[in-house]
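Subject: Structure handover and notes

Hello,

Here is the structure, with the sequence. My notes come after it.

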Amino acid sequence: SLSKLQLKTGDLDPRLFSRLRHLQKLDLSDNLLDKFPNSLTLPDLRVLNCNNNKLEDVTALKQFPLLEELTYENNVYLTLNDDYKVMFLLQNLRLLNGKDITKLANHVRRVNSRKLTSKVTAHWEKFFRDQLPEKYTAEQVKSIKKKFLKSVQTNVVYGPSSLSEFTRWRVKMIAEEFLAYTLGLEINTDPEPEEDMDENEEESTEGPREAAEDVGQVGDFSSYINNVAVTPSKRKRNNSKQGSGNKRSKAQANTKEETEDVSAEPLHFLQCHSKGNSREDFKTQLWSCVFEPLLDCGARKDPIVSSSRTVATCGGESVCLIDCETGTVLKKYKVATEEFFSVAWTTLTMVISDSCKKSHNILAVAGRRGIVKLIHVAADFCYGEIKAHKKPIATVCFSPTRETHLFTASYDKRIALWDIGIPDCDYNFKASQLLVLEALSIPLRIALVPTCPDQYLLAGCEGSCFAWNIKLDKEQKSRPFEAVFQFPDEVGSMTTSHRVDGLAFLNDDVVVSKSSKPGCIYLWSWSRSFDAKGKGSQRTVSAVILAELEWSTTDLSYLMLSTCPAKDYVFCGDERGSVWMYNLSNYTTAWSSSKAKHSDKRIPPTQILKWPELRANGEQLNEVLINNVVSDPTFTYLVVLTSVNITAIWKKS
């Protein structure tokens with residue numbers, strides 16, 4: 001309760017409120033608030049009392065998507081139009097100013113939206129469609145957008161005149177979504193720019209979106225959407241730029257398990273990277289996910305296991321922060337002109353306020369534009385960027401020993417090491433490039449050697465697997481690789497020529513890698529392969545293979561593998577939506593012996609999690625590729641990223 005404290009809008013500090021992730025009831029009655037800040041980030045808020053204030057606008061309340069009860073009586077500037085706005089924006093709202101509005105709200109979200117969408121579409125077809133030439137310039141698009149938005153708000157009329165302000169507000173929203181689908185324009189989701197954002201950039205930090213289960217809420221523009229199915233073939237990275245979030249609950253998932261020994265159960269199937277919040281978007285590729293490091297007061301902890309349950313995912317134009325237990329999209333960050341390929345966390349000790357040093361989690365994200373964005377997640381603030389490469393960045397990772405050291409691997413066939421610095425209280429920071437590692441082909445996956453992360457880096461590339469010396473006491477800033485690794489080809493001959501699109505350490509010494517030999521994942525010894533006694537750079541080294549894992553015989557690339565070292569697990573998805581899980585705890589002791597020999601028999605998966613029967617618009621989702629699978633450090637949750645814009649979250653039984 002914060003009532004009767006003479007509070008003004010500026011007193012609601014987002015940095016404080018964003019830490020109240022479990023707050024469910026908030027009383028702000030009898031204060032002097034004229035509006036809500038846009039980024040209070042109270043993801044669990046259910047009841048809000050704002051009676052007797054000076055509120056002028058309600059649209060910022062959309063940041064509280066779980067709100068069920070709302071009262072704002074005796075705010076003299078609010079009208080019936082504002083009541084309709086909150087009914088549309090807050091999908092879970094049941095009580096407004098003490099009255100049950102369930103039926104009316106459903107009418108506003110469905111019937112009203114459907115009618116307005118129909119009228120907006122008809123207005124375009126009749127008056128504007130023929131004005132746009134077949135090949136149009138950006139200037140022409142800008143001009144016609146301005147004219148159309150003005151015309152449609154003036155001419156599209158529906159409902160009583162007392163609701164004309166609400167109707168104009170919805171018509172503008174629907175018209176912008178319509179233009180986004182027809183002309184590929186960005187939707188302006190916020191009525192005013194975020195305070196912390198650079199207004200010159202097309203980006204926004206958003207709280208969780210309203211769950212768009214009503215088709216009418218988004219607008220039915222299906223005839224303007226190209227729904228391209230992903231078919232299993234040699235694929236390139238998808239150029240689509242996607243965005244916002246739908247959620248499908250377990251009840252809707254229609255799950256059918258095909259294995260009896262179930263060690264994990266499906267919790268959530270989230271469609272949270274959709275373009276324009278469209279339920280029709282099943283083509284955005286999701287690429288990377290990393291669990292948030294634990295802080296004393298930060299990342300949400302599982303009540304039983306001392307591990308973070310929040311995970312950052314990226315794909316299309318957005319990055320999402322998801323609570324794995326509840327399936328809630330806690331935060332969302334979007335850059336309209338980007339396609340994100342990789343995310344990485346680090347924890348920096350920063351002085352943000354009161355001259356107090358505190359640990360804060362920072363997220364680095366990168367992709368097609370070759371730019372690294374640095375986000376202070378708790379503050380909902382992208383505080384900087386590094387123009388790291390002129391070509392796309394395939395993957396990024398932080399050093400485990402030096403929290404400001406970030407590696408970026410790019411399509412320019414280089415891996416760069418950056419010191420991102422520590423931002424001051426005004427978020428000023430200085431980034432500098434420390435190293436450039438030259439590769440002979442595009443680096444796809446990178447891994448620092450656990451026993452010497454400041455000395456050696458491994459990279460799986462389009463053409464081979466390489467190792468570099470990254471020690472900073474050497475003067476040479478640009479370095480060639482120190483070793484290239486040979487693996488058996490399909491006829492058993494050793495070759496360096498193969499695509500390595502999966503790479504991770506299972507423990508301090510055992511490397512897991514996936515290359516172009518079908519149906520096979522290799523486990524090999526770093527220390528025995530990389531003989532430190534052999535000096536000189538660009539040596540060709542045969543990988544000392546300990547074992548092979550049986551896997552899919554697909555020739556598809558870029559299906560990533562991952563490991564859970566604490567539990568001796570390896571995970572890898574396939575082209576049929578399945579997740580292959582390998583529990584290798586019975587083998588690791590033998591592999592640590594210098595006399596360990598390569599077994600001719602491939603190790604089968606401990607279990608294969610089958611893709612459940614998911615239905616979208618009555619049709620079953622088929623041809624699902626698993627791009628990535630990642631568990632939290634204790635293997636409580638398993639996050640599965642797909643080629644069809646679905647993030648699946650499983651929980652270990």
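The notes below run from the overall picture to single residues.

The model is predicted: local features need pLDDT of at least 70, side-chain atom pairs count only at pLDDT 80 or more, and totals for chains, interfaces and linings use all residues. Residues are numbered from 1 along each chain as its sequence is written, and side-chain values use heavy atoms, with hydrogens and water left out.

Overall

The protein has 8 helices and 40 strands, taken as DSSP runs (helices are H or I with at least four residues, strands are E with at least two) and numbered from the N terminus. Of its 653 residues, 57% are buried; buried means under 20% relative accessible area, exposed over 50%, and partly exposed in between, with a 1.4 Å probe and protein chains only. Contacts are heavy atoms within 4.5 Å. Among those between residues at least 6 apart in sequence, 59% join residues at least 24 apart.

Nonpolar cores

A nonpolar core here is a set of buried Ala, Val, Leu, Ile, Met, Phe, Trp, Tyr and Cys residues joined through side-chain atoms within 4.5 Å. The largest has 35 residues, and Phe36, Leu48, Leu61, Phe64, Leu70 and Val86 have the most contacts inside it. Helices H2 (80-89), H3 (102-127) and H5 (164-183) are the elements that give it two or more residues, and H2 gives the most, with 5 residues. Another core, of 23 residues, lies apart from it and includes Val579, Phe635, Leu638 and Val644. Leaving out residues up to four places away in sequence, phenylalanine 64 touches Phe36, Leu40, Leu42, Leu45, Leu48 and Leu90.

Strands S15 (residues 371-376) and S16 pair in the antiparallel sense over 6 bridges; pairing requires at least two DSSP bridges between the strands. Together S15 and S16 form a hairpin with 4 residues between them, and aspartate 380 in the turn has a positive phi of about 55 degrees. Histidine 376 stands opposite phenylalanine 381 in S16. In S16 (residues 381-387), 5 of the 7 residues are buried.

There are 28 aromatic pairs in the structure. Rings of Phe, Tyr and Trp (its six-membered ring) pair if their centres lie within 6.5 Å; planes under 30 degrees apart are stacked, over 60 edge-to-face, and the rest tilted. Phenylalanine 381 and tyrosine 427 make an edge-to-face pair, 4.8 Å centre to centre with 85 degrees between the planes. Tyrosine 427 lies in the loop between S19 (414-419) and S20 (432-438), so the pair ties together parts that are 46 residues apart in sequence. Phenylalanine 381 and tyrosine 427 are both buried.

Charges over rings

A charge sits over a ring if NZ of Lys or CZ of Arg is within 6 Å of the ring centre and within 35 degrees of the ring normal. Arginine 170 lies over the face of phenylalanine 88, at 3.9 Å from the ring centre. The charged end of arginine 539 is 5.1 Å from the ring centre of phenylalanine 530. Phenylalanine 530 also belongs to an aromatic cluster with Tyr456, Phe485, Phe487, Tyr522, Trp524 and Trp526.

Positive phi

Most residues other than glycine have a negative phi. Aspartate 30 has a positive phi near 60 degrees and is partly exposed, at 30% relative accessibility. Asparagine 645 has a positive phi of about 65 degrees but is buried, at 0% relative accessibility.

Regards
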